Amino acid sequence: MIPDKAPKEDVFHAGGALKKNAHVPNFENYKELYLKSIENPDEFWGDIAKDFYWKSKHTGQFLDYNFDVTKGEIYIKCMEGATTNICYNVLDRNVYERKLGDKVAFYWEGNEPGDVMKVTYRELLQQVCQFANVLKSQGVKKGDRVSIYMPMVVELVVAMLACVRIGAVHSIVVSKMVCLGISNNTCPCLPPLDVSFVYFPRVGREDVNHDSLLSLFLIFLLFPTPPLSSPSVRSFPVQRCIMLKHLSKEVEAIPLVSQSPPAKRPCPDLQVRPAVPWNPEVDQCWHSLLSGVSDECEPEWCDSEDPLFILYTSGSTGKPKGVLHTVSGYMLYVATTFKLVFDYQPDDVYWCTADIGWITGHSYITYGPLANGATSVLFEGLPTYPDVSRMWEIVDKYQVTKFYTAPTAIRLLMKYGSEPVQKYNRESLKVLGTVGEPINPEAWQWYYSVVGEKRCPVVDTFWQTETGGHVLTPLPAATPMKPGSATFPFFGVVPAILNESGEELEGPCEGYLVFKQPWPGVMRTVYGNHQRFETTYFKKFPGYYVTGDGCHRDKDGYYWITGRMDDMLNVSGHLLSTAEVESALGEHAAVAEAAVVSRLHPVKGESLYCFVTLTDGVGFNHTLEAELKKQAVLNESKIMRRVLRKIARNERDLGDLSTLADSSVIEQLFLNRCCGAV
């Protein structure tokens, strides 16, 4: 599975300075550790677990599981019998055992430049304990579910950790999911609430009616078919609604549901006129509740397989799924992936640009960095406000060393060229990361060459909400990089590529990406619907966890994610990957970003429908349209040129031929070559 030696050609290598102190300094060390992690996972993860605090030790196997639906119910258990508390491990342990109380946990940077603050580990612990006591005073107890809808502010981290400190299960929602749920008017995104935290966001647009969105959202949470015409959104059993003030000026809210006249909320300094009346039996003020509350709170000790959080993901089809993660395995996995994938060192300043409402923010803004005692940047704003240099200004301001963002953001900033980047020196940067989707080679090269000045390795991470953390990824000092490839599996992860019949493919190939055994951080179930969990991830190929993604493995053993298998389309017999066509379009100098989807065609069955964002200053015309149509078919042309080159050399290892309309011509070409006709 893992090649004996890393390739030396057509790859990029980390510099010697990074390798000197790296946790995994070279490919041989990676291979040695990887083999240990899959052949003896109990010892591998058991050694890592020694760095954490356990109120009681586990008994039996470190990992116990069944991935085969034909042999019974699917289950994964990690460190069964052990008890711990994640909040204690990421805060108390850092403050009292590691003596990091005065170290900055977060530099907070608001949307408006100059709107800043910082919080140390000691201060964060005090705030978390205070709010944990508030939760308990409101009747929240171990196992209760808490919905959190907040902006990228320190209070969001406080709310999360306060939940886990008392054993409550948090479920965080981003505003995009709220809007999606309301517009689709389908099933609830979340289970019935025990407590709901909400906020009034500071945004650049005053016409965004967030209070009305919130009102609709609360109905949506409680009822599969929300009665949007109901005269009062407060007629439903929301037990608590705690409001956080996060506005610098008064904002008008236009009622969408309630026709009641706006009323001032009795919350100190909360200058907001809501769309619905304040209900003192439900609504409470964050700031008022904290007044005079003790900043000491004993943690609730939780079993390893107790629920930690539920995070809803829409997936590619169907209703949102409540991905359930549990305590110990998730903690170990995100702490380890953060440390090794970003090669975290004690003097690093780390910045992940994701929203905490996504799994990336859970794992690599909150839990992973805090478990390692890291200093992070927490950014509320937009990458283009007040100008397109904002990200690089922040990098220099806080001397960020490890930077993690999405290919979408990279392509967005690419369209403005290199000048906005080069306004700032970025000399502090050591490692760059990408997350969220496969990065096209052109964006990778720009990121590596312009942002990182060819000195910072790029860790192109593949993972999912369901996996909890990185599963395919380079390690900065150890893995030679190929632009666009997620490279090799992380420790404990055993990938395979299957064909449609469920047969494992060897060597260079393309098919379904699956995993053969669990790692500590993998999801445990779909909340409230274990049958859906089994059907979605395990029934298609019994014995394997099915990612739903397509994958190509090259001759060097590198893995390349080709996109969701749902995003493959058949055009006149040509099996095409939308991700590959997007990459081909992205190679055109006029294209900053491309998105490709399928639509029905009366003759071809399916056809491509391509959306493009043009580079700044480029106009759309018929000439460019024709060029882009040609560019869209370059993907197949590239494959055909590769095949012809192999035929010319009489090499039978042709790689993937699935997108060719008639692969039988290949044998004819080989025959003609032997006869001297080629």
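Biologist: Which residues does His362 touch, not counting residues up to four places away in sequence?

Modeller: A contact means heavy atoms within 4.5 Å. By that rule, His362 touches Met160, His170, Ile172, Phe309, Leu311, Tyr330, Ile356, Gly357 and Tyr367, leaving out residues up to four places away in sequence. Before we go on, note that this is a predicted model, where local features need pLDDT of at least 70 and side-chain atom pairs count only at pLDDT 80 or more, while totals for chains, interfaces and linings use all residues. Residues are numbered from 1 along each chain as its sequence is written, and side-chain values use heavy atoms, with hydrogens and water left out.

Biologist: Is His362 buried or exposed?

Modeller: Buried means under 20% relative accessible area, exposed means over 50%, and partly exposed lies in between (1.4 Å probe, protein chains only). His362 has 0% relative accessibility, so it counts as buried. Its place is in helix H11, residues 359–371. Helices (H or I, at least four residues) and strands (E, at least two) are DSSP runs, numbered from the N terminus.

Biologist: How many helices and strands does the protein chain have?

Modeller: There are 20 helices and 29 strands. Of the 678 residues in the chain, 57% count as buried. Among contacts with a separation of 6 or more, 70% are between residues 24 or more positions apart.

Biologist: What is the mean pLDDT of the protein chain?

Modeller: pLDDT is the predictor's confidence in each residue, from 0 to 100. The chain has a mean of 81, and 75% of its residues reach 70 or more. Over residues 176–237, however, pLDDT stays under 50, although the model has 152 contacts beyond four places in sequence for them. Residues 248–276 are also below 50, with 67 contacts beyond near neighbours in sequence. Where pLDDT is low, the predicted coordinates should not be read in detail.

Biologist: Back to helices, then. How many residues of helix H12 are buried?

Modeller: Seven of the nine residues of H12 (390–398) are buried, so the helix is largely enclosed by the rest of the structure. Those residues are Arg390, Met391, Trp392, Ile394, Val395, Asp396 and Tyr398. After H12 comes Gln399, with a positive phi near 55 degrees.

Biologist: What covers the buried residues of H13?

Modeller: Helix H13 (407–414) has six buried residues out of eight: Pro407, Ala409, Ile410, Arg411, Leu413 and Met414. Their cover includes H12, strand E18 (402–405), strand E19 (431–434), helix H15 (441–451) and strand E28 (591–601).

Biologist: Now for strands. In what order do the four strands of the open sheet stand?

Modeller: Two strands pair if DSSP finds at least two bridges between them. Here the order is E21-E22-E24-E25, with antiparallel pairing. E21 (495–498) and E25 (559–564) are at the edges with a single partner strand each, so one side of each has no neighbour in the sheet. From one strand to the next, the twist averages 45 degrees; axes are lines fitted to C-alpha atoms, for helices over the stretch in contact, and angles run from 0 to 180 degrees between N-to-C directions.

Biologist: Which residues stand opposite each other in these strands?

Modeller: Let's take the pairs in turn. E21 and E22 share four bridges, and Pro495 stands opposite Phe515 in E22. E22 and E24 share six bridges, with Arg553 in E24 as the bridge partner of Cys509. Five bridges join E24 (545–553) to E25, where Trp560 is the bridge partner of His552. In E22 (509–515), seven of the seven residues are buried.

Biologist: Which side chain makes a polar contact with the side chain of Thr461?

Modeller: A polar contact is a pair of N or O atoms within 3.5 Å; within protein, one must be able to donate a hydrogen and the other to accept it, and residues adjacent in sequence count only if both atoms are side-chain atoms. For Thr461, the partner is the side chain of Tyr404, at 2.7 Å. Thr461 is in the loop between strand E20 (458–460) and E21, and at 4% relative accessibility it counts as buried.

Biologist: And what does the side chain of Asp42 reach?

Modeller: The Asp42 side chain reaches the backbone nitrogen of Phe62 at 3.3 Å. Asp42 is in helix H3 (41–49) and, at 34% relative accessibility, counts as partly exposed. Beyond its neighbours within four places in sequence, Asp42 is in contact with Gln61, Phe62 and Leu63.
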